[in-house]
Amino acid sequence: MTGPPTAPAPPPNSPPPRARRSALTLALAGLAVSLSATPAAADSSACTHHFSGPQICIRLEGQGGRNAVTGIWTNPPRHVTSRAVSLYRNGQLIDTATATRSGKALTHSWPAEDAGTDTELCVKFRGSQRMACQTTR
């Protein structure tokens, strides 16, 4: 008389079944996280490279051609609490808004918009001849 069928013995030097399940579970969890994660943002910034006078910067936050744009004047005179800042797309004026003081800088942010890729976005503050520009990728 024979007893109930038995499972074949695991090959020598193989991890116990529980360890294999744990490793598989971790691998699948890592794959799921990597597949569900959003793409890394392609944030970038650029500043004028003049050491005297206004230091103007532009920051793009987004991915591809869809970006929020921030104009920054990093070293305004202490008495200046606001200043008009203009946004240009490929040399064309798009909008003018009021930048306000945030700490030591004047800043204004425009909401994310699809400007397309390889588009030059620039900001210019009233009273400054300098423009900071960045190209979308």
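Modeller: A nonpolar core here is a set of buried Ala, Val, Leu, Ile, Met, Phe, Trp, Tyr and Cys residues joined through side-chain atoms within 4.5 Å. Buried means under 20% relative accessible area, exposed over 50%, and partly exposed in between (1.4 Å probe, protein chains only). This is a predicted model: local features need pLDDT of at least 70, side-chain atom pairs count only at pLDDT 80 or more, and totals for chains, interfaces and linings use all residues. Residues are numbered from 1 along each chain as its sequence is written, and side-chain values use heavy atoms, with hydrogens and water left out.

The largest nonpolar core has 18 residues. Ile58, Val69, Trp110, Val123 and Phe125 have the most contacts inside it. At least two core residues come from each of strands E2 (56–63), E3 (66–73), E4 (82–89), E5 (92–102), E6 (105–114) and E7 (120–125). Strands (E, at least two residues) are DSSP runs, numbered from the N terminus.

Now tryptophan 110. Contact means heavy atoms within 4.5 Å. Setting aside neighbours within four places in sequence, tryptophan 110 is in contact with Ala68, Val69, Gly71, Val85, Ser86, Leu87, Asp95, Ala97 and Val123.

Next, the rings. Rings of Phe, Tyr and Trp (its six-membered ring) pair if their centres lie within 6.5 Å; planes under 30 degrees apart count as stacked, over 60 as edge-to-face and the rest as tilted. The structure holds one aromatic pair. The ring centres of tryptophan 73 and phenylalanine 125 are 5.8 Å apart and the planes sit at 55°, so the pair is tilted. Tryptophan 73 lies in strand E3 and phenylalanine 125 in strand E7, so the pair ties together parts 52 residues apart in sequence. Both residues are buried.

Last, the disulfides. A disulfide is a pair of cysteine sulfur atoms within 2.5 Å. The count comes to two. One joins cysteine 47 to cysteine 57, S to S 2.0 Å. Cysteine 47 lies in strand E1 (residues 44–47) and cysteine 57 in strand E2, so this pair ties together parts 10 residues apart in sequence. Its S-S torsion is about 105°, so the disulfide is right-handed. Cysteine 47 is partly exposed at 31% relative accessibility, whereas cysteine 57 is buried at 6%.

Another disulfide joins cysteine 122 to cysteine 133, S to S 2.0 Å. This pair links cysteine 122 in strand E7 with cysteine 133 in strand E8 (residues 131–135), 11 residues apart. With 110° about the S-S bond, this link is right-handed. Cysteine 122 is buried at 3%; cysteine 133 is partly exposed at 28%.

Conventions: Helix = DSSP H or I, 4+ residues; strand = E, 2+ residues; numbered from the N terminus.
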